[in-house]
Amino acid sequence: MPVKIGPSGAEARGAACDDGDMGVGAAAAVDSISRSELDEILGAVHAGRVTLVDVLSPESYAAAHIDGAINLPVADVVARAGQLIPDRSRPIVVYCGGPT
Amino acid sequence: MGAQAVGLLQELGYTDVRHYQGGLAEWLEAKTSTASAGPETVPTAHGHAGAGQAVATRRIGSLPRVGLPGRVSRIAYALADQSVSRLFRLWLEVVVACGVIYWLLGALSFGALRSAEGPIPAGVSSGISGLLSAVYFSAVTATSVGYGDIVPVGLARVVAIAEGGAGLILFGCVVSKFVSRRQEQLLGETHRIAFEDRLGRVRTNLHLVRTELQETARLCEGRAEPPPQALARVESASMIFVGELHAVHDLLYRPERTPGETELEALLAGVVSVFREFTELMACAQLKPGDRTPAFAASLRTMTRLAREICGDCVPREFAPALKTWMDQIQRLAGEVEQI
């Protein structure tokens with residue numbers, strides 16, 4: 001049976017945790033933080049000064065997430081970021097399943 | 001994926017975006033290692049800001065933070081996490097230490113112990129036999145037996161009350177540990193059986209879904225329009241499949257329990273073959289997005305979303321390369337199903 005493999009297949013892969021083919025925006029340098037830095041930031045997260053974003057699916061978020069994180073799956077970033085995080089100057093920390 | 005999200009957010013105009021590189025995997029790992037260090041680490045884990053909220057989300061009925069009762073219950077919780085042998089040793093240490101204190105108090109002539117009929121004869125309150133009767137009194141107090149043949153006086157009364165309280169709590173912990181150990185064993189056994197049952201169910205259902213899809217594919221072979229019952233069968237099979245995919249997803253994302261490698265490989269292979277059947281069937285039955293019932297469309301969406309998170313690099317743990325290959329295959333096939 002014929003099976004189409006198009007560009008959106010690659011997109012779908014990128015939308016999960018694969019860092020093989022990253023989206024357009026990933027070309028910019030990414031400011032990374034370590035675990036100890038995250039520990040320092042957590043206080044500010046709970047105080048509501050920093051937004052912690054879990055970019056995994058709602059299922060994974062329901063199973064486990066870092067306290068205080070909001071759920072915004074990568075696929076929904078473009079559609080829902082503005083609604084969930086209205087303030088664009090607000091500090092944001094993003095995390096995924098593993099080190100990708 | 002995190003890096004990708006950072007890029008997207010930056011494009012949307014967010015100026016201060018950082019990426020926690022370790023991700024959920026590293027976080028969960030660190031959390032389980034601090035959790036086993038005992039409940040005392042819990043309140044300090046988040047620092048001062050918003051600590052109340054943090055503690056509340058971490059542990060229901062969390063430990064009180066201030067005051068003597070709070071401190072006592074905190075210590076009691078910490079004790080409850082120790083092993084039986086350690087608790088018993090601690091109890092013995094309390095008995096001996098308090099015995100030595102009584103003896104020292106007596107030796108330093110603060111007045112410590114006297115027999116109920118009168119003072120312990122001189123020469124007994126100091127020296128080896130004095131130490132022995134002090135330890136004897138200590139043990140009688142710590143077990144809250146309290147024969148009353150030897151009674152404390154003066155400062156020793158304060159020590160005796162404290163020892164009595166501590167001894168009671170420690171002994172209670174030892175006893176409750178003994179009782180609950182058997183229960184924990186049974187509970188663990190129950191969990192194990194339930195887990196294996198579930199694994200068996202996943203395996204069986206994956207097989208059933210696959211044969212069902214094959215059967216349906218045969219139904220619509222050589223026809224332009226799929227017969228209506230074929231659509232209904234695909235729909236219900238896809239619902240079962242979504243449930244099992246949830247289970248597999250859970251296995252990969254929850255660190256508490258994992259099946260053996262071969263078992264996991266068999267499950268992943270089952271998922272792959274079901275996805276293959278799906279791509280073939282969808283092409284054959286020409287289930288256009290417009291013709292799909294809402295329930296079927298919903299299970300397709302859940303299916304692809306779940307499968308997108310099953311890939312070698314995005315699950316929060318390391319798996320063998322063979323397993324990773326299967327996972328990547330699932331992801332690729334999910335992308336294909338999505339496009340049809």
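Helices here are DSSP runs of at least four residues and strands are runs of at least two, both numbered from the N terminus. With those labels, the structure can be read element by element. The model is predicted.

Start with confidence. The predictor gives the complex an ipTM of 0.72 and a pTM of 0.47. Chain A has an average pLDDT of 71, and 69% of its residues score at least 70. For chain B the average is 78, with 82% of the residues at 70 or above. In chain A, pLDDT stays under 50 over residues 1-28, although the model has 66 contacts beyond four places in sequence for them. In chain B, residues 35-65 also stay under 50, and there the model has 44 such contacts. Where pLDDT is low, the predicted coordinates should not be read in detail. Helix H3 of chain B, residues 51-58, has the lowest mean pLDDT among the elements of that chain, at 38. Helix H5 of chain B has the highest, at 89.

Five strands form an open sheet with parallel pairing, in the order S1(A)-S1(B)-S4(A)-S2(A)-S3(A). Strands S1 (31-33) and S3 (70-71) of chain A stand at the edges; each has a single partner strand, so one side of each is left without a neighbour in the sheet. Strands of a sheet pair through backbone hydrogen bonds, either parallel or antiparallel.

S1(A) pairs with S1(B) in the parallel sense over three bridges. One pair to look for is A:Asp31 with its bridge partner B:Arg18 in S1(B). Next, S1(B), residues 17-20, pairs with S4(A), residues 92-95, again in the parallel sense, over four bridges. Here A:Val94 has B:His19 as its bridge partner in S1(B). A:Tyr95 is partnered by B:Tyr20 in S1(B). Beyond S4(A) comes strand S2 of chain A, residues 51-54, which runs parallel to S4(A) and is joined to it by four bridges. A:Asp54 stands opposite A:Tyr95 in S4(A).

What covers the faces of these strands? In a regular strand the side chains alternate between the two faces of the sheet. S4(A) has both faces covered: A:Ile92 and A:Val94 are buried on one side, A:Val93 and A:Tyr95 on the other. S1(B) also has both faces covered, with B:Val17 and B:His19 buried on one side and B:Arg18 and B:Tyr20 buried on the other. Helix H1 of chain B, residues 2-11, packs on the sheet and touches both S4 of chain A and S1 of chain B. The direction of H1(B) makes about 175° with that of S1(B).

Turn to chain B as a whole. This chain has eleven helices and four strands. Of its 340 residues, 34% count as buried. Take the contacts between residues at least 6 apart in sequence: 71% of them join residues at least 24 apart.

Helix H5 of chain B, residues 84-107, has 24 residues. From first C-alpha to last it reaches 34 Å, close to the 34 Å expected at 1.5 Å a residue. An α-helix has 3.6 residues a turn, so residues three or four places apart point the same way. The buried residues of H5(B) include B:Leu87, B:Trp91, B:Val95, B:Cys98 and B:Tyr102. B:Gly99, B:Trp103, B:Leu105 and B:Gly106 are buried too. H5(B) is followed by B:Ser109, whose phi is positive, near 55°.

Most residues other than glycine have a negative phi, and most peptide bonds are trans. B:Ser144 is not a glycine, yet its phi is positive, about 55°. B:Ser144 lies in the loop between helix H6 (127-142) and strand S4 (150-152) of chain B. Is B:Ser144 buried or exposed? It counts as exposed, because it has 12 C-beta neighbours inside 10 Å.

B:Cys314 is buried, because 30 other C-beta atoms lie within 10 Å. B:Cys314 and B:Ala25 are 289 residues apart in sequence, but 9.4 Å apart in space, C-alpha to C-alpha.

Note on methods: Residues are numbered from 1 along each chain as its sequence is written. Chains are lettered from A and ligands numbered from 1 in the order in which they are written. This is a predicted model: local features need pLDDT of at least 70, side-chain atom pairs count only at pLDDT 80 or more; totals for chains, interfaces and linings use all residues. The expected span of a helix is 1.5 Å times one less than its number of residues. A residue is buried if 20 or more other C-beta atoms lie within 10 Å of its own, exposed if 12 or fewer, and partly exposed in between; C-beta atoms are placed from the backbone. Two strands pair if DSSP finds at least two bridges between them. Two residues are in contact if their C-beta atoms, placed from the backbone, lie within 7 Å. Axes are lines fitted to C-alpha atoms, for helices over the stretch in contact, and angles run from 0 to 180 degrees between N-to-C directions. pLDDT is the predictor's confidence in each residue, from 0 to 100.
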